[in-house]
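Here is a friendly note to read with the model open beside you.

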Amino acid sequence: MEMILKPFRSLKELLSKVEEKDIDYKAEVHWIVYLIPILIIPVALILSLAYYTYTLMYMFYPTFLILLWQIRKVLINLSINIFIKDNQLTFRKGVINKTVFDISLKKYEGIYISQNLLGRILNYGTLTVSTGEISGSFKIKKPNELRKVILEKTLN
């Protein structure tokens, strides 16, 4: 799977502009979030071309929209940055529209980790950190490690 994602690494470097020098911990999005779009994109592309050539134009547009939607999901997942810097947990995502929110580690209300059987085997999970108004939820590698770093930072 790493081989399939290798061409995206340079794109990910372009999309993420986080300065590495002051970051205490950086979480990474797990490769499993790319699996469904990578499986759907070729099918949607083939169906779009097939419907376009066989004059089934009423089916071309929905499959083309599915193709664009999955490409959008891949680009958004490539742009996600999750890191701890100066006692704040920061989530950044977006290609054209950027969404950035910071959660103070002194004011968070809860950390929720959800891992199914496959998540425990492949060491990924959905981490949700919330305050009263803001909450962020992403599938990341090693969610227990990020939880441990957050708890260490809050106790210090």
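1. Look for Asn-123 in the loop between helix H5 (117-122) and strand S6 (124-130); helices (H or I, at least four residues) and strands (E, at least two) are DSSP runs, numbered from the N terminus. Its backbone deserves a glance, as the phi of Asn-123 is positive, near 60°, in a residue other than glycine.

2. A word on what you are looking at: this is a predicted model, in which local features need pLDDT of at least 70 and side-chain atom pairs count only at pLDDT 80 or more, while totals for chains, interfaces and linings use all residues. Residues are numbered from 1 along each chain as its sequence is written, and side-chain values use heavy atoms, with hydrogens and water left out.

3. Lys-142 is another non-glycine residue with a positive phi, about 50°. Lys-142 sits in the loop between strand S7 (135-141) and H6. With a relative accessibility of 41%, Lys-142 counts as partly exposed.

4. Now to the sheet. Four strands form an open sheet in the order S1-S2-S3-S4, with antiparallel pairing; two strands are said to pair if DSSP finds at least two bridges between them. Strand S1 (25-27) and strand S4 (99-104) are at the edges with a single partner strand each, so one side of each has no neighbour in the sheet. From one strand to the next, the twist averages 15°.

5. Going through the pairs, S1 and S2 run antiparallel and are joined by three bridges. Tyr-25 has Ile-84 in S2 as its bridge partner. S2 and S3 also pair in the antiparallel sense, over five bridges, and here Phe-83 stands opposite Thr-90 in S3. Strand S3 (residues 88-93) and S4 are antiparallel too, with six bridges between them; Gln-88 stands opposite Ser-104 in S4.

6. What packs on this sheet? Helix H6 (residues 143-155) does, touching S1, strand S2 (81-85) and S3, and its direction makes about 25° with that of S2. For such angles, axes are lines fitted to C-alpha atoms (for helices, over the stretch in contact), and values run from 0 to 180 degrees between N-to-C directions. S2 itself is mostly covered, with four of its five residues buried.

7. Thr-90 belongs to strand S3 and is buried, at 5% relative accessible area. Neighbours within four places in sequence aside, Thr-90 is in contact with Asn-81, Ile-82, Phe-83, Val-100, Phe-101 and Asp-102; contact means heavy atoms within 4.5 Å.

8. Elsewhere, Val-33 is found in helix H3 (residues 32-53) and counts as buried at 18% relative accessibility. Apart from neighbours within four places in sequence, Val-33 contacts Asn-77 and Lys-139. Val-33 and Lys-139 are 106 residues apart in sequence, yet their C-alpha atoms are 7.2 Å apart in space.

9. Those two residues turn up again at the second largest pocket: of its 17 lining residues, Ile-32, Val-33, Ile-36, Tyr-124 and Lys-139 lie nearest its centre. (On a 1 Å grid over the protein atoms alone, a pocket is an open set of points where a 1.4 Å probe fits, with protein on both sides within 12 Å along at least five of seven lines; lining residues have an atom within 4 Å of a point.) H3, helix H4 (57-79) and S6 are the elements that give two or more residues to this lining, and H3 provides the largest share, five residues.

10. Finally, Gln-70 in helix H4 is buried, with a relative accessible area of 8%. Not counting residues up to four places away in sequence, Gln-70 touches Ile-36, Pro-37, Ile-40 and Ile-41.

How values were computed:
Buried means under 20% relative accessible area, exposed over 50%, partly exposed in between (1.4 Å probe, protein chains only).
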